[in-house]
Amino acid sequence: MLRIDCPWCGPRDETEFRCGGELAPVRPEPFDRVDAATWRDHLFVRANTCGPHAERWLHVYGCRRWFSVFRDTRTHVIAATGPLDLPPASVVSS
Ligand SMILES: [Zn+2]
């Protein structure tokens, strides 16, 4: 079982959280001028990364806040967690 360090509550068991998928997808803009293929890719195509990966998680049985998790998908080792709008500098610079 993973121990995930919520930025607001501290370390908790994985069962308190829900994974919300990749952190990276950014909504294409302007939305009314985006073609169908771009919307399809935005909604359904994911990188399925093998290795270091940025994800968003929800602390559903805690503070109910979303945050970022930087996890290696091969080993499940979590390098860092942080607020969605402020990725940890140690992860961004590497
Ligand atoms: Zn929390």
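Reader: What percentage of the 94 residues in the protein chain count as buried?
Author: In this predicted model, 9% of the 94 residues count as buried.

Reader: Which residues make up the largest nonpolar core?
Author: Five residues make up that core: I4, W57, F67, V69 and F70.

Reader: And which strand gives the largest share of this core?
Author: Strand β5, residues 66-72, with three residues. As a general point, nonpolar side chains in soluble globular proteins tend to be buried together.

Reader: Changing topic. How many helices and strands are in the chain?
Author: The protein chain has two helices and six strands. Read from the N terminus, the elements run β-β-β-α-β-β-β-α.

Reader: What is the strand order in the open sheet of four?
Author: The order is β3-β4-β5-β6, and the pairing is antiparallel.

Reader: Which ones are the edge strands?
Author: β3 (18-22) and β6 (78-83), each of which pairs on one side only. From one strand to the next, the twist averages 30°.

Reader: How many bridges join β3 to β4?
Author: Three bridges join β3 to β4, residues 52-58, and the two strands run antiparallel.

Reader: What is the bridge partner of R18 in β4?
Author: In β4, R18 has L58 as its bridge partner.

Reader: Overall dimensions, then. What does the C-alpha trace span along its principal axes?
Author: The C-alpha trace of the protein chain spans about 45 × 25 × 25 Å along those axes.

Reader: Of the contacts between residues at least 6 apart in sequence, what percentage join residues at least 24 apart?
Author: In the protein chain, 49% of those contacts join residues at least 24 apart.

Methods. Residues are numbered from 1 along each chain as its sequence is written. This is a predicted model: local features need pLDDT of at least 70, side-chain atom pairs count only at pLDDT 80 or more; totals for chains, interfaces and linings use all residues. Two strands pair if DSSP finds at least two bridges between them. Axes are lines fitted to C-alpha atoms, for helices over the stretch in contact, and angles run from 0 to 180 degrees between N-to-C directions. A nonpolar core is a set of buried Ala, Val, Leu, Ile, Met, Phe, Trp, Tyr and Cys residues joined through C-beta atoms within 7 Å. A residue is buried if 20 or more other C-beta atoms lie within 10 Å of its own, exposed if 12 or fewer, and partly exposed in between; C-beta atoms are placed from the backbone. Two residues are in contact if their C-beta atoms, placed from the backbone, lie within 7 Å.
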